[in-house]
Amino acid sequence: MHGYRKRIGRRGLLALTGVVTATAMATTAASAAPASTTPAARAASTVPAAPAVPAAPAVPVVLEAAGREAAVVRSLERIAHPLRSTDPNDPTADLRALSGMAGDAKVVGLGEATHGSHEFFAMKERVFRHLVEERGFTTFALEMSWSAGLRIDEYLQGGPGDPLQIARATLAGSPWEREEFVSLIRWMREHNRRHPGHRVHFMGDDLGAPKLGDPIFERVLSSVLETRPEALPRLTELYSRLRPFDDVFAYLRRPVAERKENAARAQEALDLVAEHQDDSDDYAWTVQHARNIAQTFAFATVDLADPASVTAAERLRDQAMADNVLWWHRHTGHRMLLSAHNGHIGYLSTHPDTYPRTQGAVLREHLGRDYTAIGFSFAAGSFLTKDTSLDGEWNPVTVPAARAGMNEHTLDRVRYRDFYLDLRTAPAAARAWLDRARPVYDAGSTFTPDPLPTLALGRAYDILIHLHRVHAADKLASPPYEPAG
């Protein structure tokens, strides 16, 4: 059991905390530097030891390999578009080709190779701003709990609070509890103030972790009280054993049999709510809230000691995330930017034994070309991970420049420092290279530097954004000091 608990990464099990996880069942044990956001501290972050270097091959073999790589680089350069900046406040003329690649897609998945990298976060805000202003997008969806997403959206639509307060309340414990997401929330609120006729929204597409919280139960019960008071006693009884579900980590320590009984109660509650046929908007939302409760309890039946159970749970989670995105898109008609780990928005995972079917694969199956997957890669830098996926703090880890044989090593030879390319239009030499799996930098809640996972970029994404270097994201600023009295 201990071995499987250690392998559950951010894209994993408890990753579903739309605020505490993300998908990467990687065997873990990365070294982590003390948390700090200063440049000096970033540079001093722990660098994982590189694997042993094999004996050098004969010179003709080396020259032949170098020649093949040079041909691949030239082929990639034919389709590469320079990226001028990752700063959300900079002009976005350099993103026009990127949005053109996405075309008329209704949902655009934008990944991240790691959690807790400043440039990935900043770039997501930059791309979202561009898609809102140039392409009419209206929803930013994040790999976080459905109920926490509702809280953020209430604030965006004029609710009380401030961006920092909202971030602390909804993103606590996650790698997204960072200044970069405060910036996004602040921009979205201001956009709605300035453009009341083109309002933007925020959604969490994930299951309810680290908590569902009591408000989502109250939403369902209040709606049923208004529309079907006769069903309220049974629904109240079913939910009384489940609410408020405020700590998924503690809950997973309960016996599996008890958790399965609770999952059956949550499903019965969903069936009870859904059996009433009603065309109203309130009914649709009520059923969706009840569905998220049922999804969460179904996932939480996972047996951490059984790898088959863990795989089944992760498959359920990616399916549920895709279902929630599809529901939101079809119910609202919004065009959406979907933010999650590369392994959730893409078509392949670096750990297919644990993640056999990704959210991105489900979305492509249902939306066809109305879904576009954009992956991220980086050649060196810092990001945030934890010592173990179930607890601990998010601390910076630094990795060295990608070594020969890694996808990022070849990508970093393209003449642009940062760039993006449409993998679907790659010339033959690049296509053959893209379709072969090679080692990549890929980190979830934990990171294993050796061996690195492998991925065939051309089969995982439609578009790839490559960054030369990334830095660990910035901690939230401390609240201002207010003297007592």
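The points below are notes on selected local features of this predicted model.

1. Basis of the note. Because the model is predicted, local features are taken at pLDDT of at least 70 and side-chain atom pairs count only at pLDDT 80 or more, while totals for chains, interfaces and linings use all residues. Residues are numbered from 1 along each chain as its sequence is written, and side-chain values use heavy atoms, with hydrogens and water left out.

2. The open sheet. Eight strands form an open sheet of mixed pairing, in the order S1-S9-S12-S6-S2-S5-S3-S4; strands and helices here are DSSP runs numbered from the N terminus (E, at least two residues, for strands; H or I, at least four, for helices), and two strands pair if DSSP finds at least two bridges between them. Its edges are strand S1 (80-82) and strand S4 (201-206), each of which pairs on one side only. Neighbouring strands of the sheet are turned by 25 degrees against each other on average, direction ignored, where axes are lines fitted to C-alpha atoms, for helices over the stretch in contact, and angles run from 0 to 180 degrees between N-to-C directions.

3. S1 runs antiparallel to strand S9 (residues 419-422), to which three bridges join it, and proline 82 stands opposite phenylalanine 419 in S9. Helix H16 (residues 359-367) packs on the sheet and touches strand S2 (107-110), S4, strand S5 (336-339) and strand S6 (371-378), its direction making about 155 degrees with that of S6; contact means heavy atoms within 4.5 Å.

4. The S7 and S8 pair. Strand S7 (residues 381-385) and strand S8 are joined by five bridges and run antiparallel, with phenylalanine 383 opposite valine 397 in S8. Strand S8 (residues 395-399) is mostly covered, five of its five residues being buried, where buried means under 20% relative accessible area, exposed over 50%, and partly exposed in between, with a 1.4 Å probe and protein chains only. In a regular strand the side chains alternate between the two faces of the sheet. From S8, Asn395, Val397 and Val399 point one way and Pro396 and Thr398 the other way, all of them buried.

5. Helix H7. The buried residues of H7 (residues 163-171) are Pro163, Leu164, Ile166, Ala167, Thr170 and Leu171. They cover an arc of only 160 degrees around the axis, which puts them on the same side of H7; the arc is that of the directions from the helix axis to the C-beta atoms. Their cover includes strand S3 (139-145), helix H6 (146-156) and helix H8 (179-194). The N-terminal end of H7 is capped by aspartate 162, a side-chain oxygen of which lies 3.0 Å from the backbone nitrogen of leucine 164, and H7 is followed by glycine 173, whose phi is positive, near 85 degrees.

6. Asparagine 192. This residue of helix H8 is buried, with a relative accessible area of 2%. Beyond its neighbours within four places in sequence, asparagine 192 is in contact with Leu156, Gln157, His198, Arg199 and Val200. A polar atom of the side chain of asparagine 192 lies 3.0 Å from the backbone oxygen of leucine 156, and the C-alpha atoms of asparagine 192 and glutamine 157 are 7.1 Å apart, although the two residues are 35 residues apart in sequence.

7. Helix H9. At 1.5 Å a residue, the 14 residues of H9 (residues 214-227) should span 20 Å, which agrees with the 20 Å between its end C-alpha atoms; the expected span is 1.5 Å times one less than the number of residues. The buried residues of H9 are Ile216, Phe217, Val220, Leu221, Ser223 and Val224, and they cover an arc of only 160 degrees around the axis, which puts them on the same side of H9. What covers them includes H6, H10, helix H12 (256-274) and helix H13 (281-299), whereas the face turned away from the buried side carries the exposed residues Pro215 and Glu226.

8. Backbone geometry to check. Most residues other than glycine have a negative phi, and most peptide bonds are trans. The peptide bond from arginine 243 to proline 244 is cis, with omega near 5 degrees, and proline 244 lies in the loop between helix H10 (232-240) and helix H11 (248-251). Phenylalanine 245, found in the loop between H10 and H11, has a positive phi near 55 degrees and is buried, with a relative accessible area of 6%. A cis peptide bond also joins aspartate 450 and proline 451, with omega about 5 degrees; proline 451 is in the loop between strand S10 (438-439) and strand S11 (454-455).

Methods. A polar contact is a pair of N or O atoms within 3.5 Å; within protein, one must be able to donate a hydrogen and the other to accept it, and residues adjacent in sequence count only if both atoms are side-chain atoms.
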